[in-house]
Amino acid sequence: MTCRILLYCDDGATLKIGEELAWDLGAQLHEIEASAGEDGVWSRMKSGLFALFSGALTVDVPDQPWDRSDLLILGAPVWQGRGARPLRQWLETRPDLPERVAFVLTSDSSDYPAEAVEDLTALTGRKPVAVLHVGRQELTSGAWKGPVEHFLDQCVVRYRQSA
């Protein structure tokens, strides 16, 4: 199974989980870079404001044959109940995607981000084979390892069933 992981990370939480998944799946990990134009703290604050008000960011996504993977895992923090703007902005360009996608979402809350999952499902045009949500409390306590194992099982088992 070929797997790629594409994520946007603003505080390290999504990246930490993405690295674990990449290691366990032998997947290629790619990051979305986004800015409102300048570097530094001001740029990050500006990017957050753009995200809140749906302004366009400069989004840099590695050039990869995303649709040639058996599975593409998309990851982002949850911002205002939706996936982070840089990931959503890239998906709005309607890139070619594989048939099988999965979502990884991180947030400050332990509540399942249903609205974010629905939004990403609509943007990808695909029902995810698996969804992993890790809240801040699970991440800091280390309780996220069990949900990651379940997520991996869903990705791999569903691949074997469809192959």
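Asp119 is buried, at 15% relative accessibility, where buried means under 20% relative accessible area, exposed over 50% and partly exposed in between, computed with a 1.4 Å probe on protein chains only. The model is a predicted one, in which local features need pLDDT of at least 70 and side-chain atom pairs count only at pLDDT 80 or more, while totals for chains, interfaces and linings use all residues. Residues are numbered from 1 along each chain as its sequence is written, and side-chain values use heavy atoms, with hydrogens and water left out.

Asp119 takes part in a salt bridge with Arg82, in which the closest N and O atoms are 3.4 Å apart. A salt bridge here is a side-chain nitrogen of Lys or Arg within 4 Å of a carboxyl oxygen of Asp or Glu. This pair links distant parts of the chain, since Asp119 belongs to helix H4 (residues 114-124) and Arg82 to strand S6 (residues 82-83), 37 residues apart. Helices (H or I, at least four residues) and strands (E, at least two) are DSSP runs, numbered from the N terminus. Arg82 is partly exposed, with a relative accessible area of 30%.

Asp119 also meets Arg88 in a salt bridge, with an N to O distance of 2.9 Å between the side chains. Arg88 lies in helix H3 (residues 85-91) and Asp119 in helix H4, so this pair ties together parts that are 31 residues apart in sequence. Arg88 is buried, and its relative accessible area is 6%.

Another salt bridge joins Arg85 to Glu92, where the closest N and O atoms are 3.1 Å apart. Arg85 is buried at a relative accessible area of 9%, whereas Glu92 counts as partly exposed at 37% relative accessibility.

Elsewhere, Asp11, Asp108 and Arg136 are linked in a network of salt bridges. Over the whole structure, a search finds seven salt bridges.

Thr14 is buried, with a relative accessible area of 0%. Contact means heavy atoms within 4.5 Å. When neighbours within four places in sequence are left aside, Thr14 is in contact with Leu7, Tyr8 and Cys9, with Gly75, Ala76 and Pro77, and with Thr106.
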